[in-house]
Amino acid sequence: MSSGNIALLGAIAGFTIYLGLPLGRLRTPTPRLRAGLNAVAIGILIFLVWDVLAHAWEPVDEALSKHDWGTVASGGATLAVGLAIGLAGLVHYDGWIARRREAAARPAGPGAAVSAELAPRTRSQAGSLALMIATGIGLHNFAEGLAIGNSAAQGEISLALLLIIGFGLHNATEGFGIVAPLAAEGERPSWPTLLWLGLIGGGPTFLGTLVGQHLVNDTLSIAFLGLAAGSILYVVIELLAVARKTGLKTLTTWCILLGLLLGFATDAVVTAAGA
């Protein structure tokens with residue numbers, strides 16, 4: 001199969017993320033539906049954290065079994081730095097956004113209220129969460145694209161095709177995870193917004209496929225997986241705070257379980273392919 005066809009299939013695998021995004025345009029969902037959507041997203045994202053960290057640790061674990069201490073040190077350090085940037089970096093970014101929002105809402109003198117009226121509106125909390133989820137999933141999907149491209153580069157076309165199918169199914173559920181905070185808050189994103197979120201979350205699969213066909217590098221893959229795990233973990237913490245406010249503990253618990261099971265189910269094809 002040609003490199004162009006592999007890249008095209010990688011793009012298809014990435015853009016199946018759009019299958020779940022239209023759920024964000026649900027009209028006035030009930031409080032229980034909002035809580036359920038939020039909780040299912042938590043379950044899917046918890047699975048993704050585990051899945052991403054497992055793949056990131058795999059090269060390090062293999063190096064440990066071979067007593068390859070140089071690879072252990074470099075891989076472990078890369079993962080730690082990626083996690084720190086992905087998790088702590090978003091904490092500081094969110095704090096910076098909150099300070100900007102407070103400053104924009106506080107008049108500083110005559111005419112300030114008029115300036116505030118004319119200033120662009122800051123992104124809502126739900127919109128910020130959706131963007132963070134899309135970014136974290138995008139980093140994860142770049143690493144998945146690397147796996148597709150690496151398999152094709154090594155002549156393992158059947159494995160590459162199975163990965164494309166598996167990642168495509170997986171990305172369909174990830175699209176739902178991106179828009180869940182918006183649906184939970186009753187915000188209906190515009191179609192251009194959904195298009196943008198899909199590009200951020202799904203486009204990196206295509207880019208990773210292109211890069212992976214020409215570059216086989218475990219350290220690069222670990223770096224992106226670490227960033228993805230940290231950012232997704234931060235979002236899980238935020239969504240759990242939203243879930244606690246609903247007071248619907250039983251519904252939330254069952255829907256988190258459903259999200260976890262969906263994550264494992266859509267990952268089954270990838271696991272069967274040996275990824």
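Helix α1 covers residues 3–15, and its 13 residues reach 18 Å from the first C-alpha to the last, close to the 18 Å expected at 1.5 Å a residue. Keep in mind that this is a predicted model. Buried positions in α1 are Ile6, Ala7, Gly10, Ala11, Ala13 and Gly14. Looking down the axis of α1, you will find these buried residues within an arc of 160°, so they line one face of the helix.

Now to the aromatic rings. Searching the whole structure turns up four aromatic pairs. One of them joins Phe15 and Tyr18, and this pair is stacked. Another brings together Trp50 and Phe264; with their planes at 45°, the pair is tilted.

| Pair | Centre to centre | Angle between planes | Class |
|---|---|---|---|
| Phe15 and Tyr18 | 5.9 Å | 20° | stacked |
| Trp50 and Phe264 | 5.4 Å | 45° | tilted |

What does the pair of Trp50 and Phe264 tie together? Trp50 sits in helix α2 (residues 31–65) and Phe264 in helix α9 (residues 249–272), so the contact links parts that are 214 residues apart in sequence.

How exposed are the paired rings' residues? Buried means under 20% relative accessible area and exposed over 50%, with partly exposed in between. Phe15, at 30% relative accessibility, is therefore partly exposed, and Tyr18 at 24% is partly exposed too. For the tilted pair, Trp50 counts as partly exposed at 48%, and Phe264 is partly exposed with a relative accessible area of 44%.

Conventions
Residues are numbered from 1 along each chain as its sequence is written. This is a predicted model: local features need pLDDT of at least 70, side-chain atom pairs count only at pLDDT 80 or more; totals for chains, interfaces and linings use all residues. Side-chain values use heavy atoms; hydrogens and water are left out. Helices (H or I, at least four residues) and strands (E, at least two) are DSSP runs, numbered from the N terminus. The expected span of a helix is 1.5 Å times one less than its number of residues. Buried means under 20% relative accessible area, exposed over 50%, partly exposed in between (1.4 Å probe, protein chains only). The arc is that of the directions from the helix axis to the C-beta atoms. Rings of Phe, Tyr and Trp (its six-membered ring) pair if their centres lie within 6.5 Å; planes under 30 degrees apart count as stacked, over 60 as edge-to-face and the rest as tilted.
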